[in-house]
Amino acid sequence: MLIKIGKKSDLKESEVTPQSLFDQRRQFIKKAAGYSVAAATLSLPFSAMAALNLNPFQKENSSLSDELTARKHVVSYNNFYEFGTDKKDPAAHAGSLKTDPWSVTVAGECAKPGVYALEDLVKPHAFEERIYRLRCVEAWSMVIPWIGFPLADLIKQMQPTSKARYVEFTTLHDPQQMPGQKRSVLDWPYIEALRMDEAMNPLSLMAVGLYGEVLPNQNGAPLRLVLPWKYGFKSIKSIVKIRFSETQPRTTWNLSGPGEYGFYANVNPEVDHPRWSQSRERRIGEFRKRKTQMFNGYAEEVAHMYRGMNLKRNF
Ligand code: MTE
């Protein structure tokens, strides 16, 4: 399956959406609607689902055309250390995560702090389907059809004050549900953060689904970030807290290995990880390695945010 790449203005959904995705999307809508009836809690708004658009941010450059990574890999080869450090652990163990009911605390420099039920948080937003590459710092990558809404919309909803320069995200901390947290492989809870302009960039996505379905637990249900120009570890899963801050927050991987994992973590083939090269990557499901692209191929949309910064220092 080849995904044609173009700009929003050039594209009609029917020109680029493979039939199977249309079908899966309908299933997603049905499933989510059914779910809300069954569980009466995750009532993701039907009207918002119906307003799904296809990826407005794909590129014209045919060298960036990508085939979707098979769903079986997307849901079985994961990093989610809260369930173990092996790639197979999240799919095997994330069933213990209870994602319904779910609430998200909004705190810090904003006019609308509070504890929000997931459905209240997502209700105002129209969902879109976006095909984004996810490139892990471990030099593998996937191409995934995500479903979500722009992080910028959620930020506007919370009305940050003029002091808000960063946004910090926190994953659930509950070793009973997340048995990997019984081991101190990382300093729990998992925390990630963005500069405000990065968070407001139209590419930054709050994901609630993939491949036409509600997010599987191992992929970060019920709410995660997807930042396609940054190494995968910035795309934090199972978010329970969003905090606006004036100062740069401390982030989990940066604390764990400051020389290896920078705050910015932009995909950059020119800045090697101290223990391995970042110039190439293995697309999961493929044999041959391919060249890693600057900002994972999204330079046109994001490079301006880092102009003038020394990216070897600010890695
Ligand atoms: N979020 C949490 N809470 N815990 C994690 O261990 N791993 C990160 C990121 N988000 C991680 C996380 C890393 S290293 C990657 S590569 C991506 O999730 C993997 O996302 P995927 O499993 O959906 O492909």
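Cys110 counts as buried because its relative accessibility is 9%, where buried denotes under 20% relative accessible area, computed with a 1.4 Å probe on protein chains only. Cys136, at 5% relative accessibility, likewise counts as buried. The number of disulfides is 0, a disulfide being a pair of cysteine sulfur atoms within 2.5 Å. The model is predicted, so that local features need pLDDT of at least 70 and side-chain atom pairs count only at pLDDT 80 or more, whereas totals for chains, interfaces and linings use all residues. Residues are numbered from 1 along each chain as its sequence is written, and side-chain values use heavy atoms, with hydrogens and water left out.

The largest pocket has a volume of about 430 Å³. Its lining comprises 27 residues, of which Asn79, Phe80, Cys136, Gly232 and Phe233 are the closest to the centre. Pockets were identified on a 1 Å grid over the protein atoms alone, as open sets of points where a 1.4 Å probe fits, with protein on both sides within 12 Å along at least five of seven lines; lining residues have an atom within 4 Å of a point. The volume is the space filled by probe spheres set on the points, which are joined across faces, edges and corners.

Around the ligand there are 15 residues, and Asn78, Tyr81, Glu82, Arg224 and Lys237 come nearest; a residue is included if one of its heavy atoms lies within 4 Å. A side-chain N or O atom of Glu82 is 2.8 Å from a nitrogen atom of the ligand. For Asn219, a side-chain N or O atom is 3.0 Å from a ligand oxygen atom.

Terms used. Buried means under 20% relative accessible area, exposed over 50%, partly exposed in between (1.4 Å probe, protein chains only). A polar contact is a pair of N or O atoms within 3.5 Å; within protein, one must be able to donate a hydrogen and the other to accept it, and residues adjacent in sequence count only if both atoms are side-chain atoms.
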